[in-house]
Amino acid sequence: MIFYHKFEVRWSDLDANKHLANSSYVQYCAQARMAFMTKEKMGVTQLSRWGIGPVMLHERYSFFKEIYADQTVIVSLEIDGCSEDSSIYRFVHKFYTPDGAHCATSEATGVWIDMMLRKMTTPPDDVVEAMNKYKTPETVVLSKEDFKKFPFHPHNIDPAEFNQ
């Protein structure tokens, strides 16, 4: 199953090139995810009751066609990957114009965290059930090992380097 969320592109969503700004793609994906979660009865209020929250660890984008002011854009949400307990998930978002033209694709990998402990957690059964409705036979099983495949990893430096 695929979830779709519609946006009207506003002037404030544009960049200096007069097309949809990179930051707007990120915001549209985040809002599409929240609309999906609200539809599936796991919106902000319910997440607060459960004491959990979604956290994105990695996002990447490919752009195919410009999106301009005053256009309508439809952003899809598909579950491309999920751990067996749904604590790790990967969404694919596709950006379309109303005529079906595919303008961009985003892949976003995240985890559920316990808001008090600030650690990854297994979500409640209601979340697992909602996520399962959007899985397909192509949905891959994810694990913490998949985090090692991210292109960037932390490399701390000596703070004295900031003063050079």
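From the N terminus on, the secondary-structure elements of the protein chain follow the order β-α-α-β-β-β-β-β-α-β, giving three helices and seven strands, where helices (H or I, at least four residues) and strands (E, at least two) are DSSP runs numbered from the N terminus. The model is predicted, with local features requiring pLDDT of at least 70 and side-chain atom pairs counted only at pLDDT 80 or more, whereas totals for chains, interfaces and linings use all residues. Residues are numbered from 1 along each chain as its sequence is written, and side-chain values use heavy atoms, with hydrogens and water left out.

Along its principal axes, the C-alpha trace of the protein chain spans about 55 × 45 × 30 Å. The accessible surface, computed by the Shrake-Rupley method with a 1.4 Å probe and, for residues, with only the protein chains shown counting as cover, comes to about 9,900 Å², of which 54% belongs to carbon and sulfur atoms. Of the 164 residues, 41% count as buried, a class defined by a relative accessible area under 20%, with exposed meaning over 50% and partly exposed lying in between (1.4 Å probe, protein chains only). Contacts (heavy atoms within 4.5 Å) with a sequence separation of 6 or more are made to 68% by residues 24 or more positions apart.

Helix α1 (22-39) has 18 residues, which at 1.5 Å a residue should span 26 Å, and its end C-alpha atoms are 26 Å apart, in agreement with that value; the expected span is taken as 1.5 Å times one less than the number of residues. The buried residues of α1 are S24, Y25, Y28, C29, A32, R33, A35, F36 and M37. The helix is followed by K41, whose phi is positive, near 65 degrees, and which is placed in the loop between α1 and α2 (44-50). Most residues other than glycine have a negative phi. K41 is exposed, with a relative accessible area of 65%. A positive phi near 65 degrees also occurs at D70, which is found in the loop between β2 (52-63) and β3 (72-82) and is exposed at 72% relative accessibility.

Apart from residues up to four places away in sequence, M131 touches F36, I79, C82, S86, Y89 and F91.

S106, in strand β5 (residues 102-114), is buried with a relative accessible area of 0%, and, leaving aside neighbours within four places in sequence, S106 is in contact with C29, E59, R60, Y61, F91, V92 and H93. D80, placed in strand β3, counts as partly exposed at 24% relative accessibility; not counting residues up to four places away in sequence, D80 touches R90, V92, E107, E138, T139 and V140. D80 and Y28 are 52 residues apart in sequence, with a C-alpha to C-alpha distance of 18 Å.
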